[in-house]
Amino acid sequence: MTLPQKLVEVSAHLADAAILLDFDGSLAPIVEDPATARPLPQAAPVLTDLCDRAGAVAVISGRPEAFIREVLDVPKLEVVGLYGLSALPPLDDDVRSELAAIAAAEPGVELEDKRVSIAVHARRAPDPEAALERMRPSVGDLAAEHGLTSFEGKLVLEVSPPGARKGGAVQRLLDRLTPPAALYAGDDLEDLEAFDALQGRGIATCRVAVVASGTPARLVEVADVQAQGPLGLLDLLRAL
């Protein structure tokens, strides 16, 4: 596999580089029920090998760390679960009940309670895009009323405390690691923030868009490299 120039630059510093990866849609295919999401079988051996070669390999996810470690057995892998904000108190019960009422009005819509944030999934709705369109204003208003933020991913709306976003998690991780090179791979809108967090550091960087159904066009446009789905990402990581 011939590496694009941006990957060559990261590869040249691999022993000290930070390889940062999204989970859902990047290492694990998107599924209707988030609880059933699993990484591709090839992911664990690829990441195990990469952990022995790179300075740091981390999965950064809005999911709890315990879930990632349960489904991805890679001892040396660093996991930043809940975007590194697991020490925050859980969301108020009234936020949960109001979100539950919003979801209950839409057939097939389900909540994923992450304690410090709550995701409203529309993947099982008869018309997911229409369901999101109807829920978006209510979810946004609810978040603003409680001093929270709302953001959108692939057929999902999420409510969380301010700062509970992927860009901040990547920023904090890079501040701690101070690597000479960094790669970030993701597939969704919030991964644009992670891309931005790599910039302006004076280090070699590579932004990888993991392209599949529903990947935002903007993410593909600004990426340095494209990988075709989780399998393509694993091929790219092997090539490093």
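Two residues are in contact when they have heavy atoms within 4.5 Å of each other. On that basis Glu106 touches Ala131, Arg134 and Met135, leaving aside residues up to four places away in sequence. This is a predicted model, where local features need pLDDT of at least 70, side-chain atom pairs count only at pLDDT 80 or more, and totals for chains, interfaces and linings use all residues. Residues are numbered from 1 along each chain as its sequence is written, and side-chain values use heavy atoms, with hydrogens and water left out.

**Overall build**

- The protein has nine helices and ten strands, counted as DSSP runs (helices are H or I with at least four residues, strands are E with at least two) and numbered from the N terminus.
- Its radius of gyration is 18 Å, which agrees with the value near 18 Å for a compact globule of 240 residues; that radius is taken over C-alpha atoms, and the globule rule is 2.2 Å times the number of residues to the power 0.38.
- The C-alpha trace spans about 50 × 35 × 35 Å along its principal axes.
- Of the 240 residues, 53% count as buried (under 20% relative accessible area; exposed is over 50%, partly exposed in between, with a 1.4 Å probe and protein chains only).
- Take the contacts between residues at least 6 apart in sequence: 61% of them join residues at least 24 apart.

- Lining residues have an atom within 4 Å of a point; points are joined across faces, edges and corners, and a volume is the space filled by probe spheres set on them.
- The whole structure holds two cavities of 30 Å³ or more, and the largest cavity has a volume of about 300 Å³.
- That largest cavity is lined by 24 residues, with Asp24, Tyr83, Lys114, Arg123 and Glu190 the closest to its centre.
- Strands E6 (149–153) and E7 (156–160) are the elements that give two or more residues to this lining.
- By class, the cavity lining has 14 charged, six nonpolar and four polar residues (Ala, Val, Leu, Ile, Met, Phe, Trp, Tyr, Cys and Pro are nonpolar; Asp, Glu, Lys and Arg are charged; the others, Gly among them, are polar).
- Helix H5 (128–145) and E6 each supply at least two residues of the pocket lining, which has seven nonpolar, four polar and four charged residues.

**Glu106**

- Glu106 sits in the loop between helix H4 (93–104) and strand E4 (110–113), and counts as buried because its relative accessible area is 10%.
- Its side chain makes a polar contact with the side chain of Arg134 at 2.8 Å (a pair of N or O atoms within 3.5 Å; within protein, one must be able to donate a hydrogen and the other to accept it, and residues adjacent in sequence count only if both atoms are side-chain atoms).

**Positive phi**

- Leu155, in the loop between E6 and E7, has a positive phi of about 60° although it is not a glycine, and its 25% relative accessibility makes it partly exposed.

Note on methods. On a 1 Å grid over the protein atoms alone, a cavity is a set of points where a 1.4 Å probe fits but cannot get out, and a pocket is an open set with protein on both sides within 12 Å along at least five of seven lines; lining residues have an atom within 4 Å of a point.
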